[in-house]
Each structure stands twice: as structure tokens, then as C-alpha cells.
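Have a look at the sequence and the fold first.

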Amino acid sequence: SYVKALHDHIPTQQGSYGLIIVPASCDAMKKLFNALKEIVPAEKLYFLDVPQNKGVAAAKFFAAELGKLAGKLGQGS
């Protein structure tokens, strides 16, 4: 699967990435993030929470999440 391929690939290429962004798009991606936390330094790993609903509240939530990501990217990670 895609997640397994990422899990196998990322540890061998850690120096190639400035920041690894893992979207919370499904349970498998959440598990991938938890597994990567064990082997990837925290400053190089970011969990992007993606809303599961539609509507104004979901859009505001996602905008806030993207703002947090922008802040993380602005730190030079």
C-alpha cells in the first residue's frame, strides 16, 4: 500500500527532506505518523489535521491548521 511504501522509504531518505507533512486523511496515515515519530526528529515531522466534514466550521478549522503549518514552515524547518 501507499502508506507501507512511505513507511519503508522515509527512514532511508531522512536527510533529503526538510519537513515531512503527514495528513490525517485516514487511519493508516495516522498510524504512519505515530510510527514516524519514533524515528524522525520532531522538528522534521508535521501532522496536518484534515477535517472530515464540510461547511464553514470545517473550512475555518482547516484554515487554522494551514496557518499553523505556515508558521512551522516560516521557522525554517
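How many helices and strands does the protein have? There are three helices and two strands, with helices (H or I, at least four residues) and strands (E, at least two) taken as DSSP runs and numbered from the N terminus. Going along the sequence, they come in the order α-β-α-β-α.

Before going further, a word on ground rules: this is a predicted model, so local features need pLDDT of at least 70 and side-chain atom pairs count only at pLDDT 80 or more, while totals for chains, interfaces and linings use all residues. Residues are numbered from 1 along each chain as its sequence is written, and side-chain values use heavy atoms, with hydrogens and water left out.

**The whole chain**

The C-alpha atoms fill a box of roughly 40 × 30 × 15 Å along the principal axes. Of the 77 residues in the protein, 23% are buried; here buried means under 20% relative accessible area, exposed over 50%, and partly exposed in between (1.4 Å probe, protein chains only). The protein exposes about 5,000 Å², with carbon and sulfur atoms supplying 59% of it; accessible areas come from the Shrake-Rupley method with a 1.4 Å probe, and for residues only the protein chains shown count as cover. As for contacts (heavy atoms within 4.5 Å), take those with a separation of 6 or more: residues 24 or more positions apart account for 58% of them.

Helix α3 covers residues 56-74, 19 residues in total, and spans 27 Å from first C-alpha to last, close to the 27 Å expected at 1.5 Å a residue. That expected span is 1.5 Å times one less than the number of residues. Which residues of α3 are buried? They are A58, E65, L69 and K72. These four sit on the same side of α3 because they cover an arc of only 55° around the axis, the arc being that of the directions from the helix axis to the C-beta atoms. The buried residues of α3 pack against β1 (20-23) and β2 (45-48). Over on the other side of the helix, V56, K60 and G74 are exposed.

F61 is also found in α3, and at 34% relative accessibility it counts as partly exposed. Not counting residues up to four places away in sequence, F61 touches D49 and P51. F61 and V50 are 11 residues apart in sequence, with their C-alpha atoms 8.5 Å apart.

**Salt bridges**

Side chains of opposite charge can pair when their charged atoms come close. The rule used here asks for a side-chain nitrogen of Lys or Arg within 4 Å of a carboxyl oxygen of Asp or Glu, and the count comes to two salt bridges.

| Salt bridge | N to O distance |
|---|---|
| K4 and D8 | 2.9 Å |
| E65 and K68 | 3.1 Å |

K4 and D8 both lie in helix α1 (residues 2-9), four residues apart, or about one turn of the helix. D8 counts as partly exposed, at 41% relative accessibility. E65 and K68 are three residues apart in helix α3, again about one helical turn. Is E65 buried or exposed? At 7% relative accessibility, E65 counts as buried, whereas K68, at 51%, counts as exposed. Leaving aside its neighbours within four places in sequence, E65 is in contact with Y46, L48 and D49.

**One aromatic pair**

The structure holds one aromatic pair. Rings of Phe, Tyr and Trp (its six-membered ring) pair if their centres lie within 6.5 Å; planes under 30 degrees apart count as stacked, over 60 as edge-to-face and the rest as tilted. F33 and F47 make up the pair, which is tilted, at 4.7 Å centre to centre and 45° between the planes. It links distant parts of the chain: F33 is in helix α2 (residues 27-37) and F47 in strand β2, 14 residues apart. F33 counts as buried at 13% relative accessibility, while F47 counts as partly exposed at 27%.

**A24 in its loop**

A24 is found in the loop between β1 and α2. A24 is buried, with a relative accessible area of 1%. Beyond its neighbours within four places in sequence, A24 is in contact with K30, F47, L48, D49, V50 and Q52. From A24 to G71 the separation is 47 residues in sequence and 19 Å in space, C-alpha to C-alpha.
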